[in-house]
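Hello,

The structure we talked about follows, and my notes on it come after. Please read them with the model open.

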Amino acid sequence: MTRRNAYELMTAYGEVEMPKVRSFTILPALPEPLKDLEVIAKNMFWVWNPESIALFKRIDSNLWRACGHNPVKLLGSVSQEQLEALAENQGFLCELRRAVEKLKAYLDSPGWFEQAVSEDTSQVIAYFSAEFGIHECLPIYSGGLGALAGDHLKSASDLGVPLVGVGLLYQKGYFSQYLNIDGWQQEVYVENDFYNMPVELVRDENGQPVTISVEFPDGPVYAQLWCVSVGRVKLYLLDTNIAANSPHDRVITANLYGGDREMRIRQEIMLGIGGLRALTAMNIKPTVCHINEGHAAFMALERIRQLRNEGKMNFDEAMEATKSGNVFTTHTPVKAGLDEFPSEMMEKYFEGYLPGLGIDKKRFLGLGRVSPKNDNESFKMPILAMRLSSYRNGVSKLHGQVSREMWAMLWPNVPVSEVPIASVTNGVHIKSWLSEEMNSLYERYIGPNWSDGMVDTSIWESVDQIPDEEFWRTHQRCKARLITFARSRLKAQMQRRGTYHTELNWADEVLDPEALTIGFARRFASYKRGNLLLKDQNRLVKLLTDQNRPVQIIFAGKAHPKDTQGKEIIRQIIHFANKYDVRRRMVFLEDYDINVARFLVRGVDIWLNNPRRPMEASGTSGMKAAINGALNVSTLDGWWCEGYKPELGWAIGAGESYEDAGYQDMVESQAIYNMLENEIVPLFYTRSSDDLPRAWMHRVKNSIKRITPQFNTHRMVGEYTQKFYEPAASKWRYLTESACARAREFSMWKSNMKTAWPELEIEDVQVEVRNGQPDAWPNLKQSHIKVGSEVRVNALVKLGKVDPDDVSVELYHGPVDTWGNIKDGSAVRMGYKESSGQDGLHWFTGVMPCKSSGRRGLSVRVLPKHADLVNACELGLILWETTN
């Protein structure tokens, strides 16, 4: 611990007496003609508008870089003389007027949501996330989850979706990374100055900061609220670093993903429970709440508590109503990555909260367990989120499948394919990641308003009209910019490590603008295999040092502070570069953030991604590179399973699964070397008579045409809206009308079904077959049936007191595997035929056409049926025909 950190700690806990300090904020004194600069600076619409960024650069380009591309800090740092001069500069004032007019027109114009979905913009979707990556000047993100959340807000703004974001405002954000002389990652935490960032305190009508409180074991913890304007969308962030709190409580929002498990639960209580209370304090009543990963799952409990108290409802009634309006997105493809807490810790923090829910400790802890009655099981946040949400999804088609397999035990006896977890594949906010040069190219050849129709595949056919010479020249400019940036960054890294001045010139010679450039940038976790290329070091050295067709690689990324394996991978890369003296061809850029990411995805030729399948839920960095003209080389995991085609990139392997990780690494590293040596490098360096890689550019254009319209957040947010937000909002309104009368009725119906269900039985099943004769249905007496035949099934079901209209009796059929089980089955609802004449016994009938040959199987099952069920499997009640 440094002296400064020790002093800060002692001060925080009262061991050092501090003088009384009166704080105040000094605002920039903008001349009247420049007043609108503050309006533009405080709405992060400028992040994806090159004209606004150019405006800030024009004020002082060097200061713009020194301020970390933060316009609020820039306006507070520029000299008064410069401001007075700009106030007289008619050219600058003209640009300012255009920027203001563009922002105003954007904010006032109707969006896609209002035009195509609903004119009712009074509804509110509240999007809860532990991190938001909007821009590097607001460092409250760590990586992909935050970048996705930031892009989600931007596209919601562009589309006019009535959404608000909810998160935490971290005093020190995530850590800044640097490497020591041995290549080992070190972490440093830099305090954020909120008063010099594009965030504003939320104040009440009296001008006082709006605050909320959440009960913790040691008493209430208070948080003030900050607001970030992201175009049309507002992002509200909670901050516990205020005088009303104890030193222990003030640091709840100090670090993103910092501290121990106890700090994690304190943060997640503040995010979920405090976040919903923050919306309530501002009189924002969400119709839909979207839980982006399990960190915010406690929000669902607070939503139940609030509705229960407002409507004098019991827990189950309030749960049914709120559940209908909750959406949960899981990003974790492995159980080891779950956010979970021991039961003792849950009891400590929620003992005083349970009376407000109206349930006992056992029922409460069961909400977060796979087996609710297992007292030894920990409390898992994703399970809580799934149990209290009617809509659930993974973030790619493969991840949806993995999630259904991973969580199938929550819905016993339900076929894995029918486990109620859907998928919405991630995307990226194109305008935020696209280079200015490529944007200009698209405007010239696709149209000035290309971004308005970016999900339309037909407009991207115009990419073929871009002349190869112009396309290549544009890409090479972006690559040159990346290399200039990398050299400057490397020199700063060397200076910090105390490199001799005479050696600094080496940094000016690294990387070649003409060489094939590979980018690898992401979180350094072991499953992402950042060192896979190092498996055959001699082979890699040969690629890097080829005089005629050189390859160069730029690495960037952070390991979690507690991930020693990830840190070791970074160290191996540094040692390899030093050992083989390939530092001019292989570099590591420290402190990976959104700014570094922009340079990389805009300038590389190849984007390499080699996670261990199926551990990459989606991944989005390859999408960002593709829209800028890079080609992807990736294992068939996450989004690349959907994006890959041979004519637009390369796949590492064919989606195989391995039990031996070492063998997998050997096989897939060899596959990468083979592709580089035999396909990628030759294709890149094959030039026409005018020295253009035309075959390479043909593949790049194919990549842009296929990937851009599909893998963007406009498509993603539109899909969330139509698949989840709108149905959830309708269901919420329906169930909460008339003092939640329907929610109460629905809860009672569910309770009655759960009580009656054990009495249900499938008493008899009769199978008949028709082979072409219209009215002949002989009983099935043999196991061979011809294609074109029809199988009719009659089932006698004992329902007891359950009404036949409250069940769905289904014929479940499909191919049979070697174990005699139906795989990839589908269900046909059987119609009600008649009562058997005995109390509670009813006949149902259904027909299955035999359309293809092969071994088939069928079975009869019974499921609950109700108009208000989002999914028939959500109750976990399913009765199958048995052999008994």
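**Helix packing around H28**

Helix H27 (residues 661–685) packs against helix H28 (residues 694–707) at an angle of about 110°, and their axes are 6 Å apart. Since angles of 65 to 115 degrees count as roughly perpendicular, H27 and H28 are therefore roughly perpendicular to each other. On the H27 side the contact is made by Ile680, Leu683 and Phe684, and on the H28 side by Ala695, Trp696 and Arg699. Sorted by class, this contact has 5 nonpolar residues, no polar ones and 1 charged residue. Before going further, note that this is a predicted model.

H28 also packs with helix H21 (residues 468–496), here at an angle of about 80° and with the axes 11 Å apart. H21 and H28 are therefore roughly perpendicular to each other as well. H21 brings Asp468, Glu469, Phe471 and Trp472 to the contact, where they meet Arg694, Trp696, Met697, Val700, Lys701 and Ile704 of H28. By class there are 6 nonpolar, no polar and 4 charged residues in the contact of H21 with H28. Trp696 is listed in the contact with H27 and again in the contact with H21.

**Nonpolar cores**

The largest nonpolar core has 147 residues. Those with the most contacts inside this core are Leu37, Met270, Leu279, Phe298, Leu301, Phe350 and Tyr725. Helix H11 (residues 261–281) gives the most to the core, with 8 residues. Leaving aside residues up to four places away in sequence, Phe350 touches Ile269, Ile273, Phe298, Leu301 and Phe364. Apart from this core lies another, of 98 residues, which includes Trp433, Val463, Leu600 and Leu631.

Helix H13 (residues 315–323) is mostly covered, with 8 of its 9 residues buried. What are the buried residues of H13? They are Phe315, Glu317, Ala318, Met319, Glu320, Ala321, Thr322 and Lys323. The N-terminal end of H13 is capped by Asn314, with a side-chain oxygen 3.1 Å from the backbone nitrogen of Asp316.

In helix H22 (residues 537–545), the buried residues are Arg539, Leu540, Val541, Leu543 and Leu544. What covers the buried residues of H22 includes strand S16 (551–556), helix H23 (564–579), S17 and H27.

**Backbone geometry**

Most residues other than glycine have a negative phi, and most peptide bonds are trans.

- The peptide bond from Arg613 to Pro614 is cis, with omega near 0°. Pro614 is in the loop between strand S18 (606–609) and helix H25 (621–627).
- Asn283 has a positive phi, near 60°, and is not a glycine. Asn283 is found in the loop between H11 and strand S9 (288–292). With a relative accessible area of 59%, Asn283 is exposed, because the cut-off for exposed is over 50%.
- Asp591 also has a positive phi, near 55°, in a residue other than glycine. The loop that holds Asp591 lies between strand S17 (586–589) and helix H24 (594–603).

**Single residues**

Lys380 lies in strand S12 (residues 379–380). Is Lys380 buried or exposed? At 11% relative accessibility, Lys380 counts as buried, because buried means under 20%. Not counting residues up to four places away in sequence, Lys380 touches Leu338, Asp339, Glu340 and Gly368.

Ser451 lies in the loop between helix H20 (436–445) and H21. With a relative accessibility of 18%, Ser451 counts as buried.

Glu405 has its place in helix H18 (residues 397–406). Its relative accessible area is 47%, so Glu405 is partly exposed.

Regards

Note on methods:
Residues are numbered from 1 along each chain as its sequence is written. This is a predicted model: local features need pLDDT of at least 70, side-chain atom pairs count only at pLDDT 80 or more; totals for chains, interfaces and linings use all residues. Side-chain values use heavy atoms; hydrogens and water are left out. A nonpolar core is a set of buried Ala, Val, Leu, Ile, Met, Phe, Trp, Tyr and Cys residues joined through side-chain atoms within 4.5 Å. Buried means under 20% relative accessible area, exposed over 50%, partly exposed in between (1.4 Å probe, protein chains only). Helices (H or I, at least four residues) and strands (E, at least two) are DSSP runs, numbered from the N terminus. Contact means heavy atoms within 4.5 Å. A polar contact is a pair of N or O atoms within 3.5 Å; within protein, one must be able to donate a hydrogen and the other to accept it, and residues adjacent in sequence count only if both atoms are side-chain atoms. Axes are lines fitted to C-alpha atoms, for helices over the stretch in contact, and angles run from 0 to 180 degrees between N-to-C directions. Angles under 35 degrees count as roughly parallel, over 145 as roughly antiparallel, 65 to 115 as roughly perpendicular and the rest as oblique. Ala, Val, Leu, Ile, Met, Phe, Trp, Tyr, Cys and Pro count as nonpolar, Asp, Glu, Lys and Arg as charged, and the others, Gly among them, as polar.
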